[in-house]
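Hi everyone, thanks for coming. Please have a look at the model on the screen, and then I'll walk you through a few parts of it.

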Amino acid sequence: MATTPLLAPYGAVLLASFGGPEGPDEVMPFLRRVTAGTGVPDARLAVVAEHYLARGGVSPINAANRALRDALAAELARRGVDVPVVWGNRNAPPWYAEALDEAEQVGASRVLALVTSAFASYSGCRQYREDFAEALVGRDLELDKVRVFFNHPGFVEANVDALVDACRALGEEGRVVFVTHSLPLSMLEASGACGPDYVAQHLEVARLVAHAAGERLGRRLEWDLAYCSRSGPPAQPWLEPDVNDHLAALAAQGVEAVVLAPIGFVSDHMEVVNDLDDEATATARAHGVRATRAATAGVHPAFVAGLVDLLLERAAAARASDAGVPGPEPVRVGDLPVRPDRCPPDGCRRQAGVDSGRPAACVAQPGETYQHDG
């Protein structure tokens with residue numbers, strides 16, 4: 001097929017995400033797929049299932065991804081890029097294989113994948129590449145993956161706007177608690193194999209967002225980084241502090257108001273609506289702390305425009321590589337370097353020094369086992 005020059009050599013964009021159930025009957029099969037090979041018993045999964053069943057068995061992630069797919073298509077069209085945006089998931093329909101079928105049906109021979117994870121870790125980067133490699137088996141199709149975008153200006157700007165709005169809604173000088181998904185410490189170590197590690201990436205985003213939001217609010221914002229959604233065996237060390245423990249500690253220090261800012265998530269996953277809107281907010285209330293939650297990036301115009309910028313940047317890099325000339329300088333904000341487009345073989349393993357046992361790469365080196373749906 002002919003490709004649009006700005007996105008050449010790619011004939012389709014794959015929006016790749018985690019997936020989630022869309023009805024009560026899908027909840028337990030979904031959770032079993034998510035935790036396959038981890039030994040999590042059904043009794044534990046049944047507890048997690050209640051989070052979904054309380055919302056009709058429907059995860060918010062799929063609606064968010066449909067909205068993002070449509071927003072990306074609209075922004076690409078606005079810039080004169082006429083290519084299909086297909087959507088696929090790791091753990092629920094539509095599957096990656098179905099999305100790649102769509103791409104092949106329109107004649108695409110190269111696909112550019114955009115993953116709904118701003119941060120690099122096994123779960124947020126390498127596992128997607130492994131999934132893509134499996135989905136490509138038997139296909140005459142090439143696939144490249146856009147780099148993670150934690151320090152891209154569009155992502156940062158969307159989170160700045162969200163934090164400013166939340167601080168103004170709180171109506172007083174509260175403390176900011178940035179929140180992301182926790183990881184086993186073994187994954188943290190492995191995440192730094194080809195760039196800033198998972199914690200460093202989040203600290204950089206938190207610093208940038210707090211500084212810019214504080215300038216707009218006319219005051220210096222005090223902030224911390226906390227984690228949610230820890231799972232796995234109790235003896236396994238994970239990133240801390242847990243957001244609920246941290247809120248209790250802040251209350252003991254006399255903090256009376258907080259803004260929960262979920263910078264680790266690009267949309268309202270189950271971790272956001274359950275772990276923050278329900279559980280963390282209840283913890284704050286129980287300790288006499290007023291809490292409000294900042295929005296996720298979602299389909300914020302700056303975020304959507306920034307993702308399209310990343311697609312076009314990656315396409316320009318591919319054209320330059322094909323021509324044997326230097327590619328464009330990657331756009332970033334802050335002090336940390338960008339993560340590479342092409343990850344090294346040891347990048348973001350499941351744990352430091354241990355491979356996952358799955359294919360490591362597709363044509364161009366294309367996470368969350370531990371997550372509910374994000």
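Let's start with strand S1, residues 12-17, which runs parallel to S2 and is joined to S2 by five bridges. Strands here are DSSP E runs of at least two residues, and helices are H or I runs of at least four, numbered from the N terminus. Leu 14 stands opposite Val 86 in S2.

A quick word on the source: this is a predicted model, where local features need pLDDT of at least 70 and side-chain atom pairs count only at pLDDT 80 or more, while totals for chains, interfaces and linings use all residues. Residues are numbered from 1 along each chain as its sequence is written, and side-chain values use heavy atoms, with hydrogens and water left out.

Back to the strands: they belong to an open sheet of four, in the order S2-S1-S3-S4, with parallel pairing (a pair needs at least two DSSP bridges). S2 (85-89) and S4 (142-145) are the edge strands, each pairing on one side only.

Now, which strands does helix H3, residues 61-78, lie across? H3 lies across S1, S2 and S3 (110-115), and runs at about 160° to S2. Angles go from 0 to 180 degrees between N-to-C directions, with axes fitted to C-alpha atoms, for helices over the stretch in contact; contact means heavy atoms within 4.5 Å.

H3 also meets helix H11, residues 301-323: their axes come within 9 Å and cross at roughly 65°. On the H3 side, the contact residues include Leu 68 and Leu 72, and on the H11 side Val 304 and Leu 311. Thanks, friends!
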